[in-house]
Amino acid sequence: NIRYLENRLVELSQEKKKISGFESDYTDLLNTVDNLKNELTKESLVWRNTLKKLASDSLTPAIPEKLNETLVFIDSTLLVLANKSNLLLDILDKTIPLGVEIDKETEKKKALIAQRQATALERDHPPFFKLNFKIGYGKEIHESFAIMKKTEFAELAKYVNERVNAFIFLFFLVAGLAYLFKRIKKRIILQNSGYGYYYKEMLSKVLSHPLSSSMILTFFFSLLILQNRPVVLRELSFYIIVFPLIHLLREVIHKRYHVFLYSFGIVIFLYVILLFLPNESVVYRILLLLISLAEIAFLTLFILRFDHTDKLKPLHKGALSVFIFLHLALAVTGLVSNLTGRIILTEIALSAVFFNIFYGLALFISTLLLDGMLVTGFDSVKWQQLNVIRLHGEVIKRRLTNLLNFLAIFFWIILVLKNFRIVDYIFDQLRLFFTSEIKLGSASFSLDFVLIFFVVIY
């Protein structure tokens, strides 16, 4: 299945990284050995010229023994270095083809994933009502957990052991950010004048739980620090971080929307159980059915109870409505495809609903934190001592917060496209669009330079 192929891709990327590390280390050693050979060759030439001059000098009574011993030592050392150099070359000759084989295997796995996704509309499992429900569910769950323990959890333990320092750093980052947020909370001064009162008000609410806030930001840092993560670690990190996310959202949104947060928490609980089951099991299919029903109920309830008199711009209301109806359609698609035995389509549709909402909420909280800290810094007494801040602080605040909000939305759109498994295709098309040459008479240019020009002006 796709999960197995994704795990295999992670393993191959880790092996490729190791091979690349070996190649770099051996190349450095080979360069060091070659440099030593060159230096010793120069020394050997100097000593041999010295020997010739001494031999041709009639006043020299005899050639010093140490000179001959030195030359013998240099020659033997050069021979050893030559052998070491040849040995390193042999190792590199064997290592480079191994990296090529890993690249080929990686491309095969990507092609298989693309093939499986392309056939998502085809039936790949028995229909739901034709399953054998007269089985021992406890035994099935126990066997599934045993398989996970031997495969994915073993791989997770290996990954953690190889990156202990990174996990320790993330732990101290959580603690450091929590302490920083606690200090910032005491220094926030809410003032109605100037730009950014909303951000500081939201920051004050979010920082009432500094540990949860630090965990949210650390989650996004971990995406950069812990690369090539196993699938089980990636999914566990999502499910763990959701609970502090819900905790923070309770402080930010109105109480009438808290029921949606609790409903989202129920969906998370079902996903956590789903993590330990293979997609061939009956329990897995039942949980998918429950998740699809929970997502349909959650989104339908939001549509019915959403207050359209909320202070939202018409554009924002329209975008939110499109988003909700689109994901409601995806949840219904997940329900129908599960009933008809199209599990790949079910997994794609239901995971897209969950992760799009999750990433949107996580980026919303993170952006509020960054915007609030930025505005608070600009309004602080120390920053106001700078002439540029005192004279143009309001304009800079507005532009920087708009830039942060745009980057957050852009990043979320990329994650949405990734969840729909079309991000690579979209980027390839955009790359072709912006890098294609446009000719006007004798002049030619590409749109990427035009885009950079306008970004720099802004």
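Asn228 touches Val10, Ser13, Gln14 and Tyr159, not counting residues up to four places away in sequence; contact here means heavy atoms within 4.5 Å. Asn228 sits in the loop between α7 and α8, where helices are DSSP runs (H or I, at least four residues) and strands are runs of E with at least two, numbered from the N terminus. From Asn228 to Tyr159 the sequence separation is 69 residues, and the C-alpha to C-alpha distance is 9.6 Å. Asn228 counts as partly exposed because its relative accessibility is 33%; buried means under 20% relative accessible area, exposed over 50%, and partly exposed in between (1.4 Å probe, protein chains only).

The model is predicted: local features need pLDDT of at least 70 and side-chain atom pairs count only at pLDDT 80 or more, while totals for chains, interfaces and linings use all residues. Residues are numbered from 1 along each chain as its sequence is written, and side-chain values use heavy atoms, with hydrogens and water left out.

**Salt bridges**

A search of the whole structure gives six salt bridges, a salt bridge being a side-chain nitrogen of Lys or Arg within 4 Å of a carboxyl oxygen of Asp or Glu.

| Pair | Closest N and O atoms |
|---|---|
| Asp103 and Lys16 | 3.3 Å |
| Glu162 and Lys18 | 3.4 Å |
| Arg163 and Glu162 | 3.3 Å |

The salt bridge between Asp103 and Lys16 ties together parts that are 87 residues apart in sequence, because Asp103 lies in helix α2 (residues 65-118) and Lys16 in helix α1 (residues 2-56). Asp103 is partly exposed, with a relative accessible area of 35%, and Lys16 is also partly exposed, at 25%.

Glu162 and Lys18 form a salt bridge, and since Glu162 belongs to helix α4 and Lys18 to helix α1, this pair links parts 144 residues apart in sequence. Glu162 has a relative accessible area of 39% and is partly exposed; Lys18 is partly exposed at 31%. Arg163, in contrast, is buried, with a relative accessible area of 17%. Salt bridges that share partners join Lys18, Glu162 and Arg163 into one network.

Glu155 is placed in helix α4 (residues 152-162). Glu155 is buried but has no salt bridge, and the nearest side chain of opposite charge is Lys158, 8.2 Å away. Beyond its neighbours within four places in sequence, Glu155 is in contact with Asn7, Val10, Glu11 and Pro230.

Helix α7 (residues 210-225) has 16 residues and reaches 22 Å from its first C-alpha to its last, close to the expected 22 Å; the expected span is 1.5 Å times one less than the number of residues. Among the buried residues of α7 are Pro210, Ile216, Leu217, Phe219 and Phe220. The cover over the buried residues of α7 includes α5 (164-187), α6 (197-206), α8 (231-252), α12 (343-379) and α14 (387-419).

Ser237 is found in helix α8 and counts as buried at 16% relative accessibility. Leaving aside neighbours within four places in sequence, Ser237 is in contact with Phe219 and Arg229. The side chains of Ser237 and Arg229 are joined by a polar contact of 3.4 Å. A polar contact is a pair of N or O atoms within 3.5 Å; within protein, one must be able to donate a hydrogen and the other to accept it, and residues adjacent in sequence count only if both atoms are side-chain atoms. A polar atom of the Ser237 side chain also lies 2.6 Å from the backbone oxygen of Arg234.

The end C-alpha atoms of helix α10 (residues 282-305) are 35 Å apart, which agrees with the 34 Å that its 24 residues should span. Ser281 caps the N-terminal end of α10, with a side-chain oxygen 3.3 Å from the backbone nitrogen of Tyr284.

**Aromatic pairs**

The structure holds 17 aromatic pairs. Rings of Phe, Tyr and Trp (its six-membered ring) pair if their centres lie within 6.5 Å; planes under 30 degrees apart count as stacked, over 60 as edge-to-face and the rest as tilted. The ring centres of Phe355 and Tyr359 are 6.5 Å apart and their planes are at 35 degrees, so the pair is tilted. Phe355 and Tyr359 are four residues apart in helix α12, separated by about one helical turn, and both are buried. One aromatic cluster includes Phe219, Phe220, Phe355 and Tyr359.

Terms used: Lys, Arg positive; Asp, Glu negative; His and termini not counted.
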